[in-house]
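Biologist: Let's talk about the pockets in this one. Have a look at the model, then I'll start asking.

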Amino acid sequence: MIRFLETHAENPSALIGAMRTVAAVLDKIPQSLISLAARIFPAAVFWMSGQIKVEGLHVTDNAIALFRDEYALPWIDPALAANIAAFSEHFFPLLLVMGFASRLSALALLGMTAVIEIFVYPDAWPTHGVWATCFLVVIARGPGIFSLDHLIARRFAARGEKRLSR
C-alpha cells in the first residue's frame, strides 16, 4: 500500500482516482450484511453474559450478589435487577439474532448498555461505544433482508397490494 501511495504521490489525480475506486468497491458492501453483523456480534456478548447469571431457569446467588455488591445499582433490589438482566440478556439477543422486533430489541439492549456504562463500568466506554454503534445501526437502518422483520414486512406489503388491486 505504501508503494502504491509513493508511486501515485507524484500524480495526485491518479491517487484520487484510486481512492474513488476503493470507495466504490467498499460502497458495494450490502447494508443487510452490515446490519446482520451489527445484530449478531453484540447479541452474542449479551447472551454469554446472561448465561453466566443463570443455572437452569433460575438466577444464581452469585448473580444476585454481583448486583448487590459490585454493580450496586441505585433504586432497584439486587434480586430483581439480576432477574431482569438475566431475562433481558437472553430474550433481546434471541430476538435480535432472529431479526424479529429488531429495532425494539436493539433499543432495549442500547438502554442496558447505557445503564452498564453509567452505573456499573464507566471506564469501559470504548467497548460500550462499539456495542452502542452496532445497536444504532440496527435502530437507524433496520435489520436488513436476513431477518424475520423483512419477511413479515414483505408479506404485509404483498397483502396490501392484493387489496389495492381488488
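Biologist: Which residues lie nearest the centre of the largest pocket?

Modeller: Bear in mind that this is a predicted model. The lining of the largest pocket runs to 25 residues, and the elements giving two or more of them are α3 (31-53), α4 (61-71), α5 (78-98), α6 (102-120) and α7 (125-141). Nearest the centre you'll find Phe67, Ala85, Glu89, Met112 and Ile116.

Biologist: What volume does the largest pocket have?

Modeller: Its lining, by class, has 20 nonpolar, 3 polar and 2 charged residues. As for the space itself, the largest pocket comes out at about 500 Å³.

Biologist: And which element gives the most to the lining of the second largest pocket?

Modeller: That pocket holds about 150 Å³ of space. Its lining is made up of Val54, Gly56, Leu57, Val59, Asn83, Ala86, Phe87, His90 and Phe91. With 5 residues, the top contributor is α5.

Biologist: How many charged residues does the lining of the second largest pocket have?

Modeller: Sort that lining by class and you get 6 nonpolar and 3 polar residues. The charged count is simply none: no charged residues.

Biologist: Where is confidence lowest in the protein?

Modeller: Overall, pLDDT averages 91, and 90% of the residues score at least 70. Confidence is highest in α7, at 98. The lowest spot, at a mean of 57, is helix α1 (residues 2-9).

Terms used
Residues numbered from 1 in each chain as written. Predicted model: local features only at pLDDT ≥ 70, side-chain atom pairs only at ≥ 80, totals over all residues. Heavy atoms only, no water. 1 Å grid on protein atoms, 1.4 Å probe; cavity = no way out; pocket = protein on both sides within 12 Å on 5 of 7 lines; lining within 4 Å. Points joined across faces, edges and corners; volume = space filled by probe spheres on them. Helix = DSSP H or I, 4+ residues; strand = E, 2+ residues; numbered from the N terminus. Nonpolar A, V, L, I, M, F, W, Y, C, P; charged D, E, K, R; others polar. pLDDT = per-residue confidence, 0-100.
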